[in-house]
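Here is a short briefing on nonpolar cores and helix packing. Look over the sequence and the model first.

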Amino acid sequence: MIVITGATGALNGATVEHLLKRVPAERIGVSVRDVAKAQHFAERGVRVRQGSYEDPAALRNSFAGAEKVLLVSSNDPHTDGASLHRAGIEAAVAAGAQRILYTSHQNSRMDTPFPPGPEHAATEQILAESGVAWTALRNGFYAHSLGWLLGNWRETGMISAPADGPVSWTDRADVAEAAAVVLAGDRAFDGPVTLTARQAVTFDDVAEIASRVNGREVKRVVVDDEQWIAGEPGEMARLKLTMFQAARQGHFAETSPVLAELLGREPSAITL
């Protein structure tokens with residue numbers, strides 16, 4: 001059996017949908033916080049059980065009989081994600097899983113200003129020490145994030161943002177499909193595997209794309225970090241700034257052909 005956590009979310013929910021096209025429903029299980037939200041999977045023959053990283057006993061029960069477990073990373077910036085992931089890994093090991101997969105992030109490492117990076121790196125280290133075969137799906141930076149980084153460029157004709165660097169913006173739908181291919185296949189991916197678009201682009205490149213989409217010139221304007229922060233509402237501004245800081249250090253510039261190989265086609269291009 002293949003058990004997937006976070007199956008009511010956008011990423012792993014899409015992975016389950018793709019997996020249902022590849023393996024019988026009775027071979028698929030999902031571990032979710034709210035089983036009512038996964039009723040659409042239960043109606044199609046998927047095993048649905050309650051489980052969360054905060055409840056190790058329920059999590060072990062939701063993993064029972066699993067050969068492979070796909071753990072989704074925590075997206076709550078106010079929690080200790082690595083500790084939560086450790087609970088998931090330990091539950092999968094206790095349930096007898098033969099391989100644990102984890103949705104990581106490209107170039108996960110400790111020496112990055114982007115806070116999720118060290119969290120993913122710490123989780124990968126826990127996986128390496130688990131004694132079970134493991135795969136870290138290092139997904140490229142999701143392209144839909146551009147929507148909350150570019151600002152209101154359609155109205156202003158400008159992309160005003162801090163200095164950046166090349167990023168291999170990757171379609172979340174593509175990596176969800178690729179995860180299903182990996183889960184359903186016999187090819188062993190041991191350790192980290194990078195799943196990104198073929199090309200890394202800067203905001204200068206994005207401005208050119210925006211100009212074509214908009215039918216008029218969209219200028220790229222570089223704004224001082226603190227000046228930009230002052231004009232950004234909400235507590236997420238600092239986190240968003242770390243993305244720019246990491247990008248200009250080259251942390252998101254890596255590209256890989258593996259995503260295209262798994263999909264059997266070119267990954268989706270940036271759309272605005």
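Which residues of the largest nonpolar core touch the most other members? They are Leu19, Leu195 and Leu262, out of 33 residues in that core. The model is predicted.

**Largest nonpolar core**
- Helix 7 supplies the largest share, eight residues.
- Leu262 is in contact with Ala178, Val181, Val182, Phe189 and Leu195, leaving aside neighbours within four places in sequence.

**Another core**

**Helix 3 against helix 4**
- Helix 3 spans residues 56–63, and helix 4 spans residues 81–94.
- Their axes are 8 Å apart and the packing angle is about 45°.
- Angles from 65 to 115 degrees count as roughly perpendicular and those under 35 as roughly parallel, so helix 3 and helix 4 are oblique to each other.
- The crossing of helix 3 past helix 4 is right-handed.
- Helix 3 makes the contact through Pro56, Leu59, Arg60 and Phe63.
- Helix 4 contributes Ala87, Gly88, Ala91, Ala92 and Ala94.
- By class, the contact of helix 3 with helix 4 has seven nonpolar residues, one polar and one charged.
- Gly counts as polar and Arg as charged, so Gly88 of helix 4 is the polar residue and Arg60 of helix 3 the charged one.

Note on methods
Residues numbered from 1 in each chain as written. Predicted model: local features only at pLDDT ≥ 70, side-chain atom pairs only at ≥ 80, totals over all residues. Heavy atoms only, no water. Axes fitted to C-alpha atoms, helices over the stretch in contact; angles between N-to-C directions. Helix = DSSP H or I, 4+ residues; strand = E, 2+ residues; numbered from the N terminus. Parallel < 35°, antiparallel > 145°, perpendicular 65-115°, else oblique. Left-handed = near helix turned anticlockwise from the far one by under 90°. Contact = heavy atoms within 4.5 Å. Core = buried A, V, L, I, M, F, W, Y, C linked by side-chain atoms within 4.5 Å. Buried < 20%, exposed > 50% of the residue type's maximum accessible area, 1.4 Å probe, protein only.
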